[in-house]
Amino acid sequence: MIEAVHDAPLRLALDEVKLVVQHHHDPAETLSTIVKLIKRRFQTDVCSVYLIEPNRANLMLAATDGLRTESVGRIRMSLNEGLAGMVAQQLQPISVADAASHPRYKYFKDSGEEAYRSFLGAPLIDQGVLQGVLVAQTSLARTFSESETSMFVNAAQKLGPIVSEARALEQFIAPALERMWVLARNLWWCWDVDSVSLFRDIDPVRWRQLDHNPIPLLAEMSLGQLEERAGQMVLHSRINNAHRRLGEYLADTNTWGATHAGVLQSRPVAYFSAEFGIHESAPIYSGGLGLLSGDHVKSASDLGVPLVGVGLFYDQGYFRQRLDAAGWQQEEYCEVDVNQLPLEPALDAQGAPVTVRVETRSGMIAAKVWRVAVGRCSLLLLDADVPENAPEDRELTARLYGGDGRVRIRQELLLGIGGVRALRALGIDPGALHLNEGHSAFAVLETISHVMHSQGESFDSAVRAVAPTVVFTTHTPVPAGHDRFPAELVEEHLGPLRDALGLSLPGLLGLGRVNVDDGGELFCMTVLALKLSRRANGVSALHGGVSRKMWRNLWPAREEENVPIGHITNGVHVPSWLAAPMRAIYDRYLGSDWPTRAGYSEVWKKIDKVDDGELWETHLALKSRLLDFARRRASRQAKSRGESPEEVERLKRVLSPDALTIGFARRFATYKRADLVFSDLKRVISLVNHPQMPVQFVFAGKAHPRDEPGKRLLQGVVELAQTPEFRGKILFVEDYDINVGRHLVHGVDVWLNNPRRPLEASGTSGQKVVLNGGLNLSVLDGWWAEAFDGSNGFAIGNGRTHADIEIQDRRDADDLYRVLQEEVIPMYYNRGSDGLPREWIARMKNAIRTLGWRFSADRMVMDYTQHCYVPAAGGLSSRM
């Protein structure tokens, strides 16, 4: 019983603890001995110590006597989770007779704590700084007396300095495990090649099985297992190096942004997007828009541009694609476990979890807010799965782009209005609002409302104050691709905000209509964004022109060329998409600091010095890796469909390492024309079966779940791959995601892109190919229209279009075959006596030199910062 404990045994226990710390050098043994001592002296069933992690946002179980030993190093909680987290949060002792009945109780599976009822916790503090939490538990429910609690607190007070000293000397938590968790909790690791290889080397098989996610990988390993593996692979120095570099990266103040975006340091950019593609382990993206958003945030981090991303957390993500025996796409949705992602509840200034609420005419929608660390930037994700929501609203953020118009407008209500309220709750006052597509346009209305009520402004004056701070990027080059809602849905969901804005219903609806007096025109989110922003852009030069033409009626007094929509061409985050072997070449020839200057043209000029043989051998190694990956995936997927053992084995041997390999991977929408190369089967059959110069194709991509024509297009490609003429020469890789895309852009010889011009707003996959030595074969649309110079890739046609789609498709197909037969294939197979395709390699180098810097996300973010963010935040030193 604790009441039987006297000062002398307590002093003895603390003296023993000091001796243990001084004489034991094994971290696990040291802390294990300490908890045993305290448990014995205080006569409880459990004694555990949870230590604060270096990010000071989480507790980790560092030692226990009573809970299962394998849970040490695995159980971790944020400070707003569990009773131990509550002790750390409040910095006060907490005594609970029946822990399971407490609202803050959180059960951790595999801990074995279900056998214990009572809880007594006290903070471990040294010199006013929290070091951890000391916890005692008993199997019987009991109420701890004041004297018992007081003596336990006394023990924690005397233990605090000892724990602090040992933490400083890294004596309690094994440094390897602690530092690996620090790395895993910041997505910086996913574009740091050394950190990626570090996680992979811990357990290569599980790493692949877990979608390259370090959090479940570490959670599966006990402290002892990790230490053993680290010793076997000599990982300790690499772990220390990666941990140190992350710390230096986060602390560095000598960044491009510090020099060029100082005004944003106190008022950062709020970057709104419906999806963010950061890494395949966080499946809250569907395709190009999400990958662009993810790359934007990563480059903002690298450049030191203060930016906060705002999006939604989809607990079922986008669908996993499976093909049935007939080649028809089937969609599968899987629950995303928040415990398997680097999510932390976003906390307000008082340390309380942030919940936002948005009122509608039919009720209130609430959302909790998660925070994700992405290098130096943060990503806020709103999650509607909270108890106070109605059952249908708890499913609101379950799926990306799921449901009908009612679901869509409610998602966009949360994203825009809820996103602004989340920022305000966290004390973030943005200097600029960047709306990445129209999904988040309601954010501007919410900001206007706040200005009106906080500053006593009228609606019109608030618009004049807010609109100059808004940057709007449109991505969709066809009218049908823009979200539109009927008046009744708008009034149901924006009615309360309309009241706050002092607008009539026609007045509100007019903000989303081209013709404000047309009662039959649907409310368009893009129109709303264009009317309430003062900086708008397309995502390529061609797309800027298409957008000016599409929306010219919003400015009837202006000529089309004077419509205020410019362009900033998209780019890709170089470290995320560059293969490690190519990175090694760049490090040697471009200089060790080249990644920090990737947005400047002079950096890339040294690529000409790379030895032709070295570049070609590196490319062939990456190509071999792609083929191995594609075969492995195809055979595994065939086995899961129940295909014959013979077919499964055949797929392990398809594709030739010697054949010109053409990749095509993107959304299977009809305008992207995945089947254009099959327009003339006789011609393409002769290409893939040429005895001296064969060609092979690797396809990947998803059709939208409701796009039946897209699904039929996909099925047609899969069926062709099964015919005798194409068997083994065409391979379709299922479930296109970042991982599949990464392998493809790393290893293809040629990247095929043939949309109907001008329906490709920008496209970024071809930019990723350039970085890895592949060449583009593309219609002059999107980014390629401004990138192609005649010797850095190949062009399909000359940019002409035809009003008749059939004629345009026929012309483009003829041009595609001509370029393949007359340029691409002969150049690839034209080898010198040393076996090298010198002309092809020269074109590879020219592509890297002329395109690597222009189409990097660093250049893109610098353009946004200088031309949009800094002016929006009022940071221009002069303007005439």
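The exercises below concern a predicted model and treat a sheet, a helix and the nonpolar cores in turn.

**Exercise 1.** Determine the strand order of the open sheet of six strands, and state which strands form its edges.

*Solution.* Reading across the sheet, the order is β23-β22-β21-β24-β25-β26, with parallel pairing. The edge strands are then β23 (730–733) and β26 (794–796), since each pairs on one side only. Neighbouring strands are turned by 20° against each other on average, with direction ignored.

**Exercise 2.** Find which residues of helix α20 are buried, and what they pack against.

*Solution.* In α20 (residues 541–550), the buried residues are H543, G544, V546, S547 and R548. The buried residues of this helix pack against β19 (535–538) and β20 (566–567).

**Exercise 3.** Describe the largest nonpolar core and the second, separate one.

*Solution.* The largest nonpolar core has 165 residues, and those with the most contacts inside it include F442, L445 and Y869. Its largest share, nine residues, comes from helix α32 (residues 857–872), while domain 1 (11–170) and domain 2 (256–567) each supply at least three residues. Leaving aside neighbours within four places in sequence, L445 is in contact with L494, L497, L501, L508, L511, L528 and L532. The second, separate core has 100 residues, among them M582, L720, V750 and L820.

Conventions
Residues numbered from 1 in each chain as written. Predicted model: local features only at pLDDT ≥ 70, side-chain atom pairs only at ≥ 80, totals over all residues. Heavy atoms only, no water. Pairing = 2+ DSSP bridges. Helix = DSSP H or I, 4+ residues; strand = E, 2+ residues; numbered from the N terminus. Axes fitted to C-alpha atoms, helices over the stretch in contact; angles between N-to-C directions. Buried < 20%, exposed > 50% of the residue type's maximum accessible area, 1.4 Å probe, protein only. Contact = heavy atoms within 4.5 Å. Core = buried A, V, L, I, M, F, W, Y, C linked by side-chain atoms within 4.5 Å. Domains from an automatic or database assignment.
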